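Hello,

Here is the structure I said I would pass on. Please open it and keep it beside this email while you read.

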Amino acid sequence: ITAGRVSAFLGTVAGFLLALPAEARPPEQSCQLSRSIYRDVNGKGFELSFKGGRFESVSQWAIATLRHRQKGVKTAFDVSSMQGAGGIILTPRGNKYRESKNDLNLYVFNANLTSSVERGAPTYIFISGLGSFDWYWNRDQGEPYVWDTLWKFNRCS
């Protein structure tokens, strides 16, 4: 088998998978990040949901909400794209966080836990600094704290 045949075969398979109806693809591939809901892999009852919309800033494309199954909403973030570098940042919403000056970086990973630019929602996401942000700025809400956790795609909203 030549490299050209392998490449052609893989291209055919990729085209076939993308042509499948959305129900036949893995759920995260048929859902955009701006409509995705993630669960913490630590199993502490946290959920991170994204909701797209129209916003004043051209770089903002969603709002992310951090919830706990018993405590309810903990924090909401503006979700924006970094200019030039293509990264994703979360900026805390609300007067309480005005002085935090903490933009958090969101990193995306595929099912193999390698950095990814997948079509649709990534299988895993990680938000650098979310744990210390939650502890410092949400201490008034008490335990549980989210800490730094990996998030796994759960469903599409």
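Predicted model: local features only at pLDDT ≥ 70, side-chain atom pairs only at ≥ 80, totals over all residues.

Start with the core. The largest nonpolar core has 26 residues, and Tyr38, Leu48, Phe50, Leu90, Leu130 and Trp151 touch the most other members. Two or more residues come from each of strands S2 (46–52), S3 (60–68), S4 (72–81), S5 (88–92), S6 (104–109), S7 (124–128) and S8 (150–156), and from helix H2 (130–137).

Next, the helix. In H2, the buried residues are Leu130, Gly131, Phe133, Asp134 and Trp137. They lie on the same side of H2, because they cover an arc of only 165 degrees around the axis. As background, an α-helix has 3.6 residues a turn, so residues three or four places apart point the same way. Among the elements that cover the buried residues of H2 are S3, S4, S5, S6, S7 and S8.

Last, look at Glu47, which is found in strand S2. Is Glu47 buried or exposed? Its relative accessible area is 12%, so Glu47 counts as buried, the cut-off being under 20%. The side chain of Glu47 makes a polar contact with the side chain of Arg39, at 3.2 Å. Again leaving aside residues up to four places away in sequence, Glu47 also touches Thr65, Leu66, Arg67, Trp151 and Arg155, among others.

Regards

Definitions and conventions. Residues numbered from 1 in each chain as written. Heavy atoms only, no water. Core = buried A, V, L, I, M, F, W, Y, C linked by side-chain atoms within 4.5 Å. Buried < 20%, exposed > 50% of the residue type's maximum accessible area, 1.4 Å probe, protein only. Helix = DSSP H or I, 4+ residues; strand = E, 2+ residues; numbered from the N terminus. Arc of directions from axis to C-beta. Contact = heavy atoms within 4.5 Å. Polar contact = N/O pair within 3.5 Å; in protein donor to acceptor, adjacent residues only side chain to side chain.
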